[in-house]
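Subject: Structure handover

Hello,

Here is the structure I promised you. Please open it alongside this note. My findings follow below.

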Amino acid sequence: MVVKVIELVGTSRHNWTDAVDNAVLEAAKTVDAILGVEVTNFTANVDNGHIAEYKADVKVAFQVQH
């Protein structure tokens, strides 16, 4: 088996977990056979002293189809 890894940034207005979920859901629209995800970083945009958008940097691993 050969596995490929792509890096994505997921976003959410609610929390970091949703940001990760959103990245995986978007990847799954065009990528088959996703095997796993590694979260490499969490960041956020702040507006007026409050978190306005959560961001999660993720690496998504999937099996290469022949």
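This is a predicted model: local features need pLDDT of at least 70, side-chain atom pairs count only at pLDDT 80 or more; totals for chains, interfaces and linings use all residues.

First, the overall layout. The chain holds 1 helix and 3 strands. Along the sequence they run in the pattern β-α-β-β. The C-alpha trace spans about 50 × 20 × 10 Å along its principal axes. Of the 66 residues, 20% count as buried. The chain exposes about 4,700 Å², and carbon and sulfur atoms supply 49% of that area. Take the contacts between residues at least 6 apart in sequence: 62% of them join residues at least 24 apart.

Now the helix. α1 covers residues 16-28, which is 13 residues. At 1.5 Å a residue it should span 18 Å; the end C-alpha atoms are 19 Å apart, so the two values agree.

Which residues of α1 are buried? They are Ala19, Val20, Ala23 and Ala27. These residues cover an arc of only 100° around the axis, and therefore lie on the same side of α1. Their cover includes β1 (3-12), β2 (34-47) and β3 (50-63).

The face of α1 turned away from this buried side carries exposed residues, Thr17 and Leu25.

Best wishes

Conventions: Residues are numbered from 1 along each chain as its sequence is written. Side-chain values use heavy atoms; hydrogens and water are left out. Helices (H or I, at least four residues) and strands (E, at least two) are DSSP runs, numbered from the N terminus. The expected span of a helix is 1.5 Å times one less than its number of residues. Buried means under 20% relative accessible area, exposed over 50%, partly exposed in between (1.4 Å probe, protein chains only). The arc is that of the directions from the helix axis to the C-beta atoms. Contact means heavy atoms within 4.5 Å. Accessible areas come from the Shrake-Rupley method with a 1.4 Å probe; for residues, only the protein chains shown count as cover.
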